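Keep the structure open as you read.

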Amino acid sequence: METLEEWLKSNAKSLPSIVQKWDTKLIELGASWDTFSGNNEATIADLVDGGIPRLSARDICRVMGEVIQRRSRPMIVLWDIENISIPTHASAALVVSQIKDAIAPYGQVKQFRAYASVSLGNIPEEKRSELHLSGCNLVDSPHLGRKEVADKMIIVDAMEFAYTHLEGATLCFITGDVDYAYLLSKLDKSQWTTIVISKGGGESMLHANCNVNLRWETDILHQEVGRNLWQEKDNHVGTSAPPGFHRLKEDSLEGFHRLKEDSLEFTLATNPPSFSPSDVQLLRRIVSEGASSNPPGVLRSIAASMLKQSDPDRFADRAIRKAFLSQGIEMGVVFESGVGDLKTLYLNKTDIKQDALELNVSETAPLSLNEMPPRAAELKLASS
């Protein structure tokens, strides 16, 4: 696992703004991952002593706590290797390593599986050996005249992993098959993070319900746009990456930065999006329409779903929907009341009081003294 200093330096452009502002100071103070895993108050005090303002120190601890929590989530990788195969001249070990590097910010890989019918001979023995040695378990899915065998195995394994980790997990799918869209919609829950790695840059229903969308060619193989580095015509033979690959890996981190930007979950909290007049109208319309069926407010979760339906391209990511609503509340466009799943949005602040339940507390005991337990009767008499 990379050190905190390595992480700060390699992701300088995609760090949360509060961390980016103080990254040099954090390195000077010798901060590590363990620094933000213990007592927050003690860490805040240390940061303040090191010259970081208290409010900034609190924000840093909060954001870094979210980063650590995300990075520690158990993760499963489910690779439809028949659909997205290893390039002919690529090293299987290197490709697996690149996949792990790309998804590292989203959890710790506990299971790494690739699904294919070995008997078809599409994966050479050397590549199968490299997969196993790299920690990728090649799951044999013989067809025997049946269709979509690998797909069905992936779906079952994905659901088993998700419901074995109800407290939180990350599921990474490497596929271009749009049939997984329904599965992803079922996994679109707050405790699960879903990643899709697919070919091409076009959006499809496959990406509508995933949290992170990565491109196989640029984010994994690190190809330059319009140029396939793995198929360059040179004297290179064998299974190693062609010349120039490692230079691109070190000098061109654009794909990796885009990976972090696609997540948005913690960066949007410290870099709120701008709110235009049309956004104001959109949010007020959403709350108004939602409240029409159950006045005077609408549950925040329902409002988020309505946003996604109104503009699927813009609000496909859960983090974007959350940031949009939070920004609207902060600006006073709408008002919020309630906690947890009962958080409700209102157009007017006065509606909150109208919607609040009034508790009428009676001074009359529900039982007579003779019906009360002895101790309760004594307390009742003492209070009279």
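Accessible areas here come from the Shrake-Rupley method with a 1.4 Å probe; for residues, only the protein chains shown count as cover. By that method the protein exposes about 20800 Å². Carbon and sulfur atoms supply 52% of this area.

A word on the source. This is a predicted model, in which local features need pLDDT of at least 70 and side-chain atom pairs count only at pLDDT 80 or more, while totals for chains, interfaces and linings use all residues. Residues are numbered from 1 along each chain as its sequence is written, and side-chain values use heavy atoms, with hydrogens and water left out.

Now the overall build. The protein has 18 helices and nine strands. Both are DSSP runs numbered from the N terminus: helices are H or I with at least four residues, strands are E with at least two. Of the 384 residues, 44% are buried. Buried means under 20% relative accessible area, exposed means over 50%, and partly exposed lies in between (1.4 Å probe, protein chains only). Take the contacts between residues at least 6 apart in sequence: 64% of them join residues at least 24 apart. A contact means heavy atoms within 4.5 Å.

Next, the charged pairs. How many salt bridges does a search of the whole structure find? The search finds eleven. Each is a side-chain nitrogen of Lys or Arg within 4 Å of a carboxyl oxygen of Asp or Glu.

Start with Glu-41 and Arg-58. Their side chains form a salt bridge at 3.4 Å, N to O. The pair links distant parts of the chain, 17 residues apart: Glu-41 sits in helix 3 (residues 40–49), Arg-58 in helix 4 (residues 54–71). Glu-41 is partly exposed at 44% relative accessibility. Arg-58 is partly exposed too, at 35%.

Stay in helix 4. Here Arg-62 and Asp-59 lie three residues apart, about one turn of the helix. Their side chains meet in a salt bridge of 3.9 Å, N to O. Arg-62 is partly exposed at 37%, and Asp-59 is partly exposed at 31%.

Now move along the chain to Arg-314 and Asp-279. This salt bridge spans 2.9 Å, N to O. Arg-314 lies in the loop between helix 15 (300–310) and helix 16 (318–330), and Asp-279 lies in helix 14 (residues 277–292), so the pair ties together parts that are 35 residues apart in sequence. Is Asp-279 buried or exposed? Asp-279 is buried, with a relative accessible area of 5%. Arg-314 is partly exposed at 33%.

Finally, a network. Salt bridges that share partners join Asp-59, Arg-62 and Glu-66.
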